[in-house]
Amino acid sequence: MSLDPNKMLESCRNGQWDVDDFDWTKTPEVELNKTIEMRFCQFYMDQCFIERLAGTLFQALSDRMDDPVLKEIYHWCHLDEIRHSQAAYKLCDYFDVNHYKLYTPNVSLLKLTPHFVNLVKTTHPAVANAMILGGEIILDIALLRAINDSLPDPMSQAVVKKINRDEARHLAMDFFMTEYCAENELRNDGYVSADLFDNADRRGFLRYGPAAFNEVFFRPMAVLDPSGKQMESVMRRLRKLNLRENVKNNPAVKNFNNQAAFFETPFGGWVGWGIRKTYQAVTGVNVDWITAASSDKLNLYDSDDEMIDADRTAVQLAEDIVGETLTTN
Ligand SMILES: [Fe+2]
Ligand SMILES: [Fe+2]
């Protein structure tokens with residue numbers, strides 16, 4: 001296994017910080033026009049709730065772990081996400097210089113929340129872990145990086161840097177657990193099923209999830225990354241991670257690979273095309289970046305920062321993505 005849980009636990013304990021370590025009486029050093037101020041305030045308001053949803057996933061994993069070290073690591077990850085939520089809330093107020101409107105969380109995200117929370121309590125730990133991994137890769141490779149790059153404000157960048165240090169630990173645990181679930185039978189209070197419609201909360205997830213994810217992830221990314229290059233990178237990375245030999249027995253990885261294989265058949269290709277075009281017609285957001293993960297394109301896009309080598313440790317994979325150094329190995 002490519003990570004020492006005892007060292008990770010030590011890193012979790014030592015890596016704690018407080019939102020009030022920052023001076024929130026300061027005002028932004030960047031001047032933002034009305035559109036940009038409103039965009040970033042809304043992003044951080046939504047982020048406040050996204051972080052809490054990530055927290056529920058870590059809490060669910062902590063509850064499922066029999067190993068006391070892993071249980072405590074996930075307890076700290078949950079607390080990290082609560083802190084990120086508090087930081088996002090404060091960043092919303094920090095950038096709300098002109099009070100153009102009252103910012104409220106995205107309505108679709110709120111509708112999704114009860115289904116999401118119920119689902120993570122009953123879903124298989126491998127699936128819960130896959131959901132965190134996917135969400136954190138989208139956030140850390142794409143969205144948070146794009147937002148931070150376009151906001152050259154020392155205070156907000158310092159806060160995001162602190163958040164990213166925590167996210168590097170989370171991603172290392174996500175990679176570790178992906179391998180762990182491939183090699184170990186975990187206590188499973190839930191189930192793994194490829195049938196998307198066999199549970200009321202799965203149906204709720206499917207009903208509200210696309211709108212929520214579109215509005216809090218994909219639409220902002222379409223504005224910040226109009227070429228879709230960063231999302232293409234996310235998809236290629238996820239696919240490559242799931243094609244590694246050492247994770248192929250993970251039940252969530254098997255589901256992912258089976259679905260990817262279906263969309264690469266001639267019939268599946270047409271189905272995928274229809275779903276993408278319908279999605280674009282309904283939401284106005286182009287999600288063609290998803291096809292960057294098709295196996296015939298993977299090699300074309302190889303670059304150093306996307307090489308997923310089976311020998312790379314969970315910590316190294318996390319450091320590659322976040323660009324921060326962890327002190328656990
Ligand atoms: Fe977070
Ligand atoms: Fe996280």
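The protein comprises twelve helices and zero strands. What is displayed is a predicted model. Followed along the sequence, the elements give the pattern α-α-α-α-α-α-α-α-α-α-α-α.

**The whole chain**

Begin with the entire protein selected and coloured by pLDDT. The mean pLDDT of the protein is 85, and 89% of its residues reach 70 or more. Next, select helix H3, residues 68-95, where confidence is highest, at a mean of 96. Then select helix H11, residues 295-298, where confidence is lowest, at a mean of 66. Where pLDDT is low, the predicted coordinates should not be read in detail.

Of its 329 residues, 37% count as buried. Among contacts in the protein with a separation of 6 or more, residues 24 or more positions apart account for 86%.

**Helices H2 and H4**

Select residues 34-64, which form helix H2, together with residues 107-122, which form helix H4. The axes of these two helices come within 9 Å and cross at roughly 10°. H2 and H4 are therefore roughly parallel to each other, the angle being under 35 degrees.

To see the contact, show side chains for Asp46, Phe49, Leu53, Thr56, Leu57 and Ala60 of H2. On H4, show Leu109, Thr113, Phe116, Val117, Val120 and Lys121. The residues of this contact of H2 with H4 comprise eight nonpolar, two polar and two charged.

**Helices H4 and H7**

The crossing in which H4 passes H7 is left-handed.

On the H4 side, select Ser108, Leu109, Lys111, Leu112, His115, Phe116, Asn118 and Leu119. On the H7 side, select Asp201, Arg202, Gly204, Phe205, Tyr208, Gly209, Ala211, Ala212, Glu215 and Val216. The residues of this contact of H4 with H7 divide into nine nonpolar, five polar and four charged.

**Gln157**

Finally, select Gln157, found in helix H6, residues 154-183. Is Gln157 buried or partly exposed? Gln157 counts as partly exposed because 13 C-beta neighbours lie inside 10 Å, whereas a buried residue has 20 or more.

Note on methods:
Residues numbered from 1 in each chain as written. Chains lettered and ligands numbered in written order. Predicted model: local features only at pLDDT ≥ 70, side-chain atom pairs only at ≥ 80, totals over all residues. Axes fitted to C-alpha atoms, helices over the stretch in contact; angles between N-to-C directions. Helix = DSSP H or I, 4+ residues; strand = E, 2+ residues; numbered from the N terminus. Parallel < 35°, antiparallel > 145°, perpendicular 65-115°, else oblique. Contact = placed C-beta atoms within 7 Å. Nonpolar A, V, L, I, M, F, W, Y, C, P; charged D, E, K, R; others polar. pLDDT = per-residue confidence, 0-100. Left-handed = near helix turned anticlockwise from the far one by under 90°. Buried ≥ 20, exposed ≤ 12 C-beta atoms within 10 Å, placed from the backbone.
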